[in-house]
Amino acid sequence: MSALTMQAIRVHRYGGPEQLKLEQQPRPAAREGEVLVRVHAAGVNPIDWKTRQGFMKDFFPMTFPYIPGIDVAGEVEGVGFGVTTLKIGQAVFGRCTTGTYAEYITASEELLAPKPSTASFAEAAAIPTGATTAWQALFDEGNLQAGQRVLIVGAAGGLGAFAVQLAKWKGAQVIGTTSTANLEFVRSLGADQVIDYTTTQVESVVQDVDLVLDGVGGASLFSSLTTIRRGGTLISLAEQPPQEQARACGVRAMMIAARTDRSILQTVAQLIDEGQLNVIVGKAFSLSEAQQAHECSQSGHGRGRIVLHVN
Ligand SMILES: NC(=O)c1ccc[n+]([C@@H]2O[C@H](COP(=O)([O-])OP(=O)(O)OC[C@H]3O[C@@H](n4cnc5c(N)ncnc54)[C@H](OP(=O)(O)O)[C@@H]3O)[C@@H](O)[C@H]2O)c1
């Protein structure tokens, strides 16, 4: 392959996993304020398949062909004019707007931070969206305090696994829901109480929590609302919560959309290097296996974050 080209997964039209094609295309070059990253691993997030499927087109219409993927870990191979915080050879991780399923990506330096030194590239690629969203939901929007009780609905996933650990780190009492296969896993993350959603209705055993993070949506949002004390908060990650029911329950309810925040990436990297936070890589695939990775993500079940090994 020429030094000027790269392999990337491209999507030419909305549709199923078969729309993910491994193709060659020109390698990008860093512009002002950007760095060129040689990608080692990319995280596979549910938003990647939702975008590919066309479910997000009213909010984020894509220009075709596009390269999917937002989470990345790799090495800086070039720096554009004006870059001050990163240098060539540095190992980085971060959250981009799109394009991480590729051998190279350019990104604004603001979207990247130095990789935790104790994490592999695959682990680093499993961090950005899950940890950033969990942080913003728990602390920025949820205002979680030590001693409060929080319910994490979908505690085993790439987002939930960080939410459980970060809430414990804060000193909260943590309840998590998951399927039978992941009960022990969620306990191992530090949850004080784990509920098997396949056998138990969460609202029959949980009441008066201060905060719920709901990563499941649908009927789960109605169950979640009834577990919260009056004056408490429901943060939905998957879809808009039902406002009328929330008002009737005396609950503040909102959906949040995560924003890339370098300072959160830096704090999370420090917690990982201090051994206070573990990164859970779920299934791993090669770049050419992106279709299988999306099928796996689309199943809605699993443990930790799926990653693609790229270089
Ligand atoms: N708004 C935002 O900015 C934002 C950011 C990140 C993610 N999200 C959304 O948040 C959701 C979760 O993301 P993720 O990255 O954690 O997804 P993920 O890695 O695919 O994990 C999904 C998890 O949900 C669990 N699950 C499925 N059905 C469940 C149920 N009925 N009750 C409890 N748990 C259930 C699965 O556990 P089992 O295998 O045990 O069933 C799995 O571990 C997705 O909808 C994603 O799009 C939103």
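A cavity here is a set of points, on a 1 Å grid over the protein atoms alone, where a 1.4 Å probe fits but cannot get out, and lining residues have an atom within 4 Å of a point. With that in hand, Ala126, Gly158, Ala161, Phe162, Gln165, Asn278, Val279, Ile280 and Arg305 line the largest cavity.

Some ground rules before going on. This is a predicted model, where local features need pLDDT of at least 70 and side-chain atom pairs count only at pLDDT 80 or more, while totals for chains, interfaces and linings use all residues. Residues are numbered from 1 along each chain as its sequence is written, and side-chain values use heavy atoms, with hydrogens and water left out.

A search of the whole structure turns up one cavity of 30 Å³ or more. The largest cavity holds about 30 Å³ of space, a volume being the space filled by probe spheres set on the points, with grid points joined across faces, edges and corners. Helix α4 supplies the largest share of its lining, three residues; helices (H or I, at least four residues) and strands (E, at least two) are DSSP runs, numbered from the N terminus.

Then there are pockets: a pocket is an open set with protein on both sides within 12 Å along at least five of seven lines. The second largest pocket has 14 lining residues, and the closest to its centre are Pro28, Thr98, Gly99, Ile105 and Thr106. Strands β2 (21-26) and β6 (104-108) are the elements that give two or more residues to that lining, and β6 gives the most, with four.

Here are the two spaces by volume and lining class. Ala, Val, Leu, Ile, Met, Phe, Trp, Tyr, Cys and Pro count as nonpolar, Asp, Glu, Lys and Arg as charged, and the others, Gly among them, as polar.

| Space | Volume | Lining by class |
|---|---|---|
| Largest cavity | about 30 Å³ | five nonpolar, three polar, one charged residues |
| Second largest pocket | about 160 Å³ | nine nonpolar, five polar, no charged residues |

**The sheet and its helices**

Six strands make an open sheet with parallel pairing, in the order β10-β9-β8-β11-β12-β13; two strands pair if DSSP finds at least two bridges between them. β10 (193-196) and β13 (252-255) sit at the edges with a single partner strand each, so one side of each has no neighbour in the sheet. From one strand to the next, the twist averages 15°. β9 (residues 173-178) pairs with β10 in the parallel sense over four bridges, and Thr178 has Asp196 as its bridge partner in β10.

Helix α3 lies across β8 (149-153), β11 (209-214), β12 (228-236) and β13, at about 155° to β11. Axes are lines fitted to C-alpha atoms, for helices over the stretch in contact, and angles run from 0 to 180 degrees between N-to-C directions. Helix α4 (residues 160-170) also packs on the sheet, touching β8, β9 and β11, with its direction at about 170° to that of β8. Contact means heavy atoms within 4.5 Å.

α3 (residues 128-141) packs against α9 (residues 262-273) at about 105°, with axes 10 Å apart. The two helices are therefore roughly perpendicular, a label for angles of 65 to 115 degrees. Residues in the contact include Trp135 of α3 and Leu271 of α9.

The Phe64 to Pro65 peptide bond is cis, with omega near -10°, and Pro65 lies in the loop between α1 (46-53) and β4 (71-79). Asn143, in the loop between α3 and β8, has a positive phi near 50° without being glycine.

Notes:
Parallel < 35°, antiparallel > 145°, perpendicular 65-115°, else oblique.
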